[in-house]
Each structure stands twice: as structure tokens, then as C-alpha cells.
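Please keep the sequence and structure in view while reading.

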Amino acid sequence: MQLKDATVLLVDDEPDLRSIIAEWFRREGCHVVVAEDGTQALSMISANPIDVVVSDVRMPVMDGITLLKKVKANGYKSSVMFLSGFTDVIKPRESYDLGIEAVMSKPVERRRLISAVTRILADRDELWRFPPSEKAEAILDATFESLAGALSQGLLALGRGGFCISSTQRLAEGPVDLLLEFKVDKRRVNGQGVVRWTASAEAQIGVEITYIDEHNRAWILSITEPNTSISFIPRTCTAANAPALLAGD
């Protein structure tokens, strides 16, 4: 979906900021509705088709995290991203597992916010088709016997937009080249992603996918698209996160 065809719900208890950001989106041609807290936002989502929710975290009545949980628990299809203030305590690992698709810090730049929402709306086949312009300084290199085995053994867990992987590599948050081999499947996946969180003590890394090579893109999409999990990036690599379609492999 293109931004000009989308309905964006902006949720923030600061009237001035709410007005400024709403105007940014109106200038892009999309339909914008606003709410001052999570309770108002949830009522709007239940009554209207909302494509993307751009929400503050700390708000009276109902905060952004509670709003996110209720959106996902009720099965609403709206994508959600957070605008985080300096004092907000948001752990990316938990947020992405709950279904958040992007987190940006306040004050937010117009260009970066518009770009983030545009990416959220994009079809993944199109989104993962072209390598990002930002060069990756690190490589995530891993070899598995098979994809089904990696999932069932808790070495890998796929979400709707990324994956958790068991790895002892020490990677900083940011762009990373992907080199993932699945020997039985005869697949050598080349791509790029963004490390969104690391858990060194557990030897686990959370990665958002930004590009998959042409030979393997449809294969990866065939697994992520039917995924009914709310997680954008799973918080842990466990067999429970393995897609049901692979259960018999």
C-alpha cells in the first residue's frame, strides 16, 4: 500500500506535537485521524479501518504499550509504531515481540518518520527486493542442517518482519549483511537486515529483514507471510515459535 492511500492514526497527548505530525502526513496525501490517549485510539480502531498507528508511549488513561497489547489481542490488523520520549523505558526486544514494527525517538525528523511509515505499509516482496543504500559493516554468518531443524531446535525463530537467531557473534545494533545456509534445503540466503536487539547472556540476536536475494525471497516469504504470530521479531528462539506449516517437515 502507498502512503497516499493509507489511513494513519496519530496518538499523542501533546496537542501541538499531534497537530504538527498530523499535518506532515496530510501533506503526503493520506487520511489522518488523531487521538489523545490509548482509550480514544482503541475506540477509533474498533470502528474504522486504520492502516498504521503512530503512538506516543507515555500517555494518561491508556499508554502506548497497553494500546499495542489490546490492538493485537483483539486481532485488529493495524500496524503500530512508537514515538518514544527520553524518559520512556522501552525494551526493543519486548516491543518487537509484542508486534511493534518501528520505534523512533522524540524529537522526530519529518523525513525519517515518513520513511518509516512508508516502509511499514510496503508489501514485503517489494520491500525486500532491493538492498538498502546504507552499507553494513558487519556480517551475520550462520549454517544450519535445515530450516525446519533450526526452527524445531530453537536455533532460529521467524516473525512477520524478522527473526531471532542463536549466535555467539557480537554484533552492534545497526545494519548487518546476512549469510544463512540451510544445507538440506540447498539454500544459501544472502541478504541484509538491521540488528534491533542483542542478548549476549543468552547468545541471541534479533534482526529485522530489509533485503533477501532474488533466488530465496519467495522461499522466505512463503514462511513469513502465513505466520500468524503477532511478533514482528520474536523475543526468543524456541521451538514454540516455529511456524505450523513446518511442523511435519
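Leaving aside residues up to four places away in sequence, Asp-12 touches Leu-17, Arg-18, Ala-35, Glu-36, Asp-56, Met-59 and Lys-106, where contact means heavy atoms within 4.5 Å. This is a predicted model, in which local features need pLDDT of at least 70 and side-chain atom pairs count only at pLDDT 80 or more, while totals for chains, interfaces and linings use all residues. Residues are numbered from 1 along each chain as its sequence is written, and side-chain values use heavy atoms, with hydrogens and water left out.

Asp-12 sits in the loop between strand S1 (7-11) and helix H1 (15-27); helices (H or I, at least four residues) and strands (E, at least two) are DSSP runs, numbered from the N terminus. Its relative accessible area is 1%, so Asp-12 is buried (under 20%; exposed is over 50% and partly exposed in between, with a 1.4 Å probe and protein chains only). The side chains of Asp-12 and Lys-106 are joined by a polar contact of 2.9 Å.

S1 belongs to an open sheet of five strands, ordered S2-S1-S3-S4-S5, with parallel pairing; two strands pair if DSSP finds at least two bridges between them. Its edge strands, S2 (31-35) and S5 (103-105), each pair on one side only. Five bridges join S1 to S2, and Leu-9 stands opposite Val-33 in S2. Helix H3 (residues 64-73) packs on this sheet and touches S1, S3 (52-56) and S4 (79-84). Helix H5 (residues 110-121) also packs on the sheet, touching S3, S4 and S5.

A further open sheet has six strands in the order S6-S9-S10-S11-S8-S7, and its pairing is mixed. Here S6 and S7 are the edge strands, each pairing on one side only. S8 and S11 run antiparallel and are joined by five bridges; Phe-163 stands opposite Val-207 in S11.

Phe-163 and Val-207 are also among the residues with the most contacts inside the largest nonpolar core, which has 27 residues. Such a core is a set of buried Ala, Val, Leu, Ile, Met, Phe, Trp, Tyr and Cys residues joined through side-chain atoms within 4.5 Å. Among the elements that give two or more residues to this core are strand S8 (162-166), strand S11 (204-212) and helix H8 (214-224). A second, separate core of 26 residues includes Leu-9, Ala-35, Val-80 and Trp-197. In soluble globular proteins, nonpolar side chains tend to be buried together.

Note on methods. Polar contact = N/O pair within 3.5 Å; in protein donor to acceptor, adjacent residues only side chain to side chain. Axes fitted to C-alpha atoms, helices over the stretch in contact; angles between N-to-C directions.
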